[in-house]
Every structure is written in C-alpha cells, then in structure tokens.
Amino acid sequence: MRAALASIFFALTGCSNATPDLANDLPENIEEASSQFDSRVKERFALGMAEVDLVRELRSQGFERLPSSRGIEDATFYRKNFPFVSLWSVRWKSENGKVTEVWGVHGVRGP
C-alpha cells in the first residue's frame with residue numbers, strides 16, 4: 001500500500017525516487033558527492049559534442065530541461081525524500097549546436 005501511494009505521489013509531482021545513472025553510488029558527504037558528480041558530467045559529455053546528443057542522453061536518464069538563463073542551459077533531475085529534495089543538475093553552454101562548457105551541480109533542499 002505504501003509503495004503504491006509513493007508511486008502515485010511521485011507520478012503526480014513529477015519527481016522520482018530513483019537516481020539517474022550519472023548520480024549512482026555517490027558518497028553521502030554532499031561536498032564529495034557534488035565534486036564527483038561534476039567530474040562524472042565532465043567525463044561523460046565531451047566539449048565539442050552535439051548539444052542534441054547531450055540533451056537526448058539527459059532525457060533518457062530522467063533529467064528535465066529547464067529554461068535557459070543568461071546563456072546557460074540546464075537539465076535537472078529531482079528526487080523527493082520528504083522533507084528534502086535532492087537534485088542533480090547538468091549545466092552547459094553551447095555555440096552553433098556544440099557544447100563549449102559543461103559542469104554538474106548536486107544539492108539538497110529542505111525546510
């Protein structure tokens with residue numbers, strides 16, 4: 001019963017209780033996890049790659065594309081763990097459809 005309610009909750013809120021592949025097995029310490037996530041993002045998405053390929057890969061892992069801000073693109077994955085929300089965000093800049101900068105941000109929001 002609880003599992004069914006949790007599934008309904010996550011379906012309605014657009015959040016998942018899963019973790020994207022890029023974030024699997026990160027350390028529990030938030031600073032270490034954030035650093036490792038950034039490294040994984042930079043290793044996985046090479047500078048010069050096609051932006052459409054980066055977006056396609058992120059969507060396949062459940063990342064949600066957010067509006068651009070000041071020339072920075074963003075795709076973020078949210079996981080609710082009441083009362084907290086963990087997030088993993090891949091951010092990048094591009095020119096002529098090619099990725100010119102890419103980095104990862106990991107954090108937790110709470111009350």
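Helix 3, made up of residues 51-60, lies across strand 1, strand 2, strand 3 and strand 4. Its direction is at about 165 degrees to that of strand 3. The model shown here is a predicted one.

Helix 2 covers residues 30-44, which is 15 residues. From its first C-alpha to its last it reaches 21 Å, close to the 21 Å expected at 1.5 Å a residue. Which residues of helix 2 are buried? They are Ala 33, Phe 37, Asp 38 and Val 41. These residues lie on the same side of helix 2, because they cover an arc of only 135 degrees around the axis. The general rule behind such a pattern is that an α-helix has 3.6 residues a turn, so residues three or four places apart point the same way. Strand 3 (84-95) and strand 4 (98-109) are included in what covers the buried residues of helix 2. On the other side of helix 2, Glu 31 and Glu 43 are exposed. Glu 31 also takes part in the cap at the N-terminal end of the helix: a side-chain oxygen of Asn 29 lies 2.9 Å from the backbone nitrogen of Glu 31.

Now to the sheet. Strands of a sheet pair through backbone hydrogen bonds, either parallel or antiparallel. Here four strands form an open sheet in the order 1-2-3-4, with antiparallel pairing. Strand 1 (64-69) and strand 4 stand at the edges and have a single partner strand each, so one side of each is left without a neighbour in the sheet. On average, neighbouring strands of this sheet are turned by 25 degrees against each other, direction ignored. Strand 1 and strand 2 are joined in the antiparallel sense over four bridges. Leu 66 stands opposite Asp 74 in strand 2.

Asp 74 is worth a look of its own. Strand 2, where Asp 74 is placed, spans residues 72-81. Is Asp 74 buried or exposed? Asp 74 counts as buried, because its relative accessibility is 12%, and buried means under 20%. The side chain of Asp 74 makes a polar contact of 2.7 Å with the side chain of Thr 76. Another polar contact, of 3.4 Å, joins the side chains of Asp 74 and Arg 91. Leaving aside neighbours within four places in sequence, the residues in contact with Asp 74 include Glu 64, Arg 65, Leu 66 and Trp 92.

Conventions: Residues are numbered from 1 along each chain as its sequence is written. This is a predicted model: local features need pLDDT of at least 70, side-chain atom pairs count only at pLDDT 80 or more; totals for chains, interfaces and linings use all residues. Side-chain values use heavy atoms; hydrogens and water are left out. Helices (H or I, at least four residues) and strands (E, at least two) are DSSP runs, numbered from the N terminus. The expected span of a helix is 1.5 Å times one less than its number of residues. Buried means under 20% relative accessible area, exposed over 50%, partly exposed in between (1.4 Å probe, protein chains only). The arc is that of the directions from the helix axis to the C-beta atoms. Contact means heavy atoms within 4.5 Å. A polar contact is a pair of N or O atoms within 3.5 Å; within protein, one must be able to donate a hydrogen and the other to accept it, and residues adjacent in sequence count only if both atoms are side-chain atoms. Two strands pair if DSSP finds at least two bridges between them. Axes are lines fitted to C-alpha atoms, for helices over the stretch in contact, and angles run from 0 to 180 degrees between N-to-C directions.
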